[in-house]
Amino acid sequence: MIGRISSTDSRDTVCGGKQTVTIEDRDKLRYVESTIKEVLRIAKPVVLAIYRTNPREIKVEKYTIPAESIILFDLNDPQIDPKLWDRPNEFDPDRWETPQKNVYIPFGIGPRRCVGAPTVELSLFFMITNILNKFELIPEDERNLPMERDWTGISLFPKPFKIFMKTVEY
Ligand code: HEM
């Protein structure tokens with residue numbers, strides 16, 4: 001993934017040798033955007049949405065939900081549902097080159113959707129591109145990439161792992 005970003009979207013070819021990647025470069029770095037989306041789809045940073053309640057009894061398919069229930073909905077199952085996604089468990093940023101069905105909900109959905117979402121997306125873009133603009137990231141052991149995750153209750157994050165940062169020469 002990192003190799004693909006740094007080789008196809010390198011500073012010389014895309015960012016014109018700039019020291020710092022800026023907002024003007026965003027449209028040219030579509031693969032980075034696709035990679036961020038795919039990470040947020042498959043890595044499940046937040047597991048559950050904030051709970052909702054229903055003022056009246058409702059029916060959802062064969063289930064009756066009594067009025068004023070506490071409703072927690074899982075944000076992740078729809079993002080890896082084989083009925084909605086092709087190869088759902090495969091990490092594939094290229095899938096974002098074509099429009100995807102409306103089940104991408106890492107920031108929740110509706111009026112209570114995460115207010116931080118635009119800031120998060122922009123911050124991830126700046127962090128990732130500016131790190132890769134200056135460094136090559138090399139895992140400690142290429143054959144044993146860190147896939148294990150830990151969780152705090154509602155959020156998932158990678159277990160600690162070592163990575164070497166090598167300055168990129170232009
Ligand atoms: C990767 C980072 C983040 C993820 C994946 C994330 C995800 C979420 C999710 C799933 C919800 C619940 C939405 C729902 O119930 O429909 C939420 C709510 C919220 N998030 Fe985030 N969030 C992130 C970062 C942030 C940041 C940086 C901020 C603040 C700048 C923030 C502020 C909020 C607030 C205020 C709510 C409550 C919104 C409401 O109840 O109306 N989040 N977030």
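C114 is found in the loop between β4 (70-71) and α3 (117-134), where helices (H or I, at least four residues) and strands (E, at least two) are DSSP runs numbered from the N terminus. This is a predicted model, in which local features need pLDDT of at least 70 and side-chain atom pairs count only at pLDDT 80 or more, while totals for chains, interfaces and linings use all residues. Residues are numbered from 1 along each chain as its sequence is written.

**C114**
- With 16 C-beta neighbours inside 10 Å, C114 counts as partly exposed, because a residue is buried at 20 or more other C-beta atoms within 10 Å of its own, exposed at 12 or fewer, and partly exposed in between, with C-beta atoms placed from the backbone.
- Leaving aside neighbours within four places in sequence, C114 is in contact (C-beta atoms, placed from the backbone, within 7 Å) with F107 and G108.
- The UniProt annotation "binding site", from an unreviewed entry, covers C114, although such annotations may be inferred rather than shown by experiment.

**Ligand surroundings**
- Of the 17 residues around the ligand (C-beta atom, placed from the backbone, within 6 Å of it), those that come nearest are A49, I50, G108, C114 and G116.

**Chain and confidence**
- The secondary structure of the chain comes to 3 helices and 8 strands.
- The chain averages a pLDDT (the predictor's confidence in each residue, from 0 to 100) of 86, and 89% of the residues score at least 70.
- Among the elements of the chain, mean pLDDT is lowest in helix α1 (residues 2-8), at 48, and highest in strand β3 (residues 63-65), at 96.

Conventions:
Two residues are in contact if their C-beta atoms, placed from the backbone, lie within 7 Å.
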